Amino acid sequence: MMRRDVFERFIHHALDVYDPLLANLQARHLAVVDPKRSSLAPLLSQYRTRKSYLLSGPALHIFVVSLRCHHTCNYCQVSRQQTSATAFDVDGDSARLAVDRLFEWPSRELTIEFQGGEPLLNFGQVRAITERIVARNAFENRALRFVLASTLHDLTDAQLAFLQEHRFKLSTSLDGPEWLHNANRPRPERDSYRRTVEGMARGRKALGDDAVSALTTLTKRSLEAPEVIIDEYRKLGLHSISLRPLSPYGFAAKTRERNGYGTAAFLAFYGRALEHLIAVNRSGYGMDETFASLLLSQLLGPFGHGYVDLRSPTGAGFGAVIYDYDGLVYPSDEARMLAAMGDASFSLGHVGQPVSEWLASPAMERLMAAGVAESLPTCSDCAYVPMCGADPIEHYARQGDTIGHRPTSDFCRRQMGTFDLLLQRYETASTADRRVLEGWAFGAGTTHSAEDELDAAA
Ligand code: SF4
């Protein structure tokens, strides 16, 4: 960290040309003393490294195989349907066409995530799509990774054997201890927690401990209990937690009054959670918070991340594609949720159309026009812009405009608040606490990649 008086001398060109600090700043490409002898090449190389995710096109492909679900969560992000409503399952033709489209994208690495509703309620299509992808890949030769985002209730042995055969990762929702999870995720039998924990245990036994991850959705009630939520994850032997704020989409938007809270309340919760997590790590149990790990990796390291919600240019359509149950295609899960709420302005098209037509759609044009954070008002002058994202769909959903207004944007407040919090904590940390935070940034002591878990949560 640079002292304020030294910083003032630096920006007023008052540092001596032989000052070692100036040499240090030059080495970090923060200052140029002699333009004739400076080269932008190292800086450009750094920039290219950070944005390398742009070179290969979308790697995250989400298949929504059913909107049916046996839960009635009051913060649900999608338009869930009754378990008997099979009209909301993907049909064979749409599934086949979606797989054809998948291989039109150039990425050598493809993550295929099955989502719902509850994808286990249409496991026949999970199986059919996976088998079709694997068969086609015999000559496509891409690196494949399969993820199932599920409550993990009612997993059968036959399903587990199939998931094991294709080395699936499982991503589930666990909001905290039983009283909190069951209050957030009601089922008539009030047994959601028990079923999820049982499903996780069966998944870990069959697929390995690091194949199962969980994330929270935070309601107003959750904000009172950061320590309790983290301790529950520890009790279950999990080494990673995602503390995810409520979404502004879907049913969550309708029940916001009851469940919702402001960004200041979230940041206060997050600060408390961070302290507790650091203490848990100091006690010898390694556990990270995935979003903190992702941001710290950006603050402390040179490499870019693949997390689609924090990319510039935006990850919507450039990093991820969603194939909905009815054959419609979206650039992000948020765009799909907006469509479920009656606004389909970000639909890219149908699985029957080639990818080139999706890329030329008005939706992609709007995303491109508002999707580069470096060119947006306020972001263009922000110190965090190299590590932050644009997220035009979130701004459209919350502010009615894809560019949005950062001084009043919840997205920006959350980003800036979290960056500030992490930087301040890092700067004032003891050596032991720094080691914990650096471990999160560079992946030591955790079994999951922050980016993977966050993408699976997208
Ligand atoms: S913190 Fe806010 S102003 Fe800064 S880059 Fe992110 S969204 Fe833009």
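This is a predicted model: local features need pLDDT of at least 70, side-chain atom pairs count only at pLDDT 80 or more; totals for chains, interfaces and linings use all residues.
At what angle do helix α18 and helix α19 pack? The angle is about 140 degrees, and the axes lie 9 Å apart.

Helix α18 covers residues 410-427, and helix α19 covers residues 431-442. Angles over 145 degrees would count as roughly antiparallel. The two helices are therefore oblique to each other. From α18, the contact takes in Arg 425, Tyr 426 and Glu 427. From α19, Asp 433, Arg 434, Leu 437 and Glu 438 meet them. By class, the contact has 5 charged residues, 2 nonpolar and no polar ones.

**The sheet**

Now to the strands. An open sheet is built from 9 strands with mixed pairing. Their order is β7-β5-β4-β3-β2-β1-β9-β10-β11. The edges are β7 (243-244) and β11 (349-350), and each of them pairs on one side only. Helix α14, residues 333-340, packs on this sheet. Helix α14 touches β1 (60-64), β2, β9 (320-323) and β10 (328-330). Its direction makes about 130 degrees with that of β10.

Strands of a sheet pair through backbone hydrogen bonds, either parallel or antiparallel.

| Strand pair | Sense | Bridges | Bridge partners |
|---|---|---|---|
| β2 (109-115) and β3 (143-149) | parallel | 6 bridges | Thr 111 and Arg 145 |
| β4 (169-173) and β5 | parallel | 4 bridges | Thr 172 and Ala 214 |
| β5 and β7 | parallel | 2 bridges | Thr 217 and Arg 244 |

**Strand β5**

Is strand β5 mostly covered or mostly open? β5 spans residues 212-217 and is mostly covered, with 6 of its 6 residues buried. In a regular strand the side chains alternate between the two faces of the sheet. In β5, Val 212, Ala 214 and Thr 216 point one way. Ser 213, Leu 215 and Thr 217 point the other way. Both sets are buried.

Technical notes
Residues are numbered from 1 along each chain as its sequence is written. Side-chain values use heavy atoms; hydrogens and water are left out. Two strands pair if DSSP finds at least two bridges between them. Contact means heavy atoms within 4.5 Å. Axes are lines fitted to C-alpha atoms, for helices over the stretch in contact, and angles run from 0 to 180 degrees between N-to-C directions. Buried means under 20% relative accessible area, exposed over 50%, partly exposed in between (1.4 Å probe, protein chains only). Angles under 35 degrees count as roughly parallel, over 145 as roughly antiparallel, 65 to 115 as roughly perpendicular and the rest as oblique. Ala, Val, Leu, Ile, Met, Phe, Trp, Tyr, Cys and Pro count as nonpolar, Asp, Glu, Lys and Arg as charged, and the others, Gly among them, as polar.
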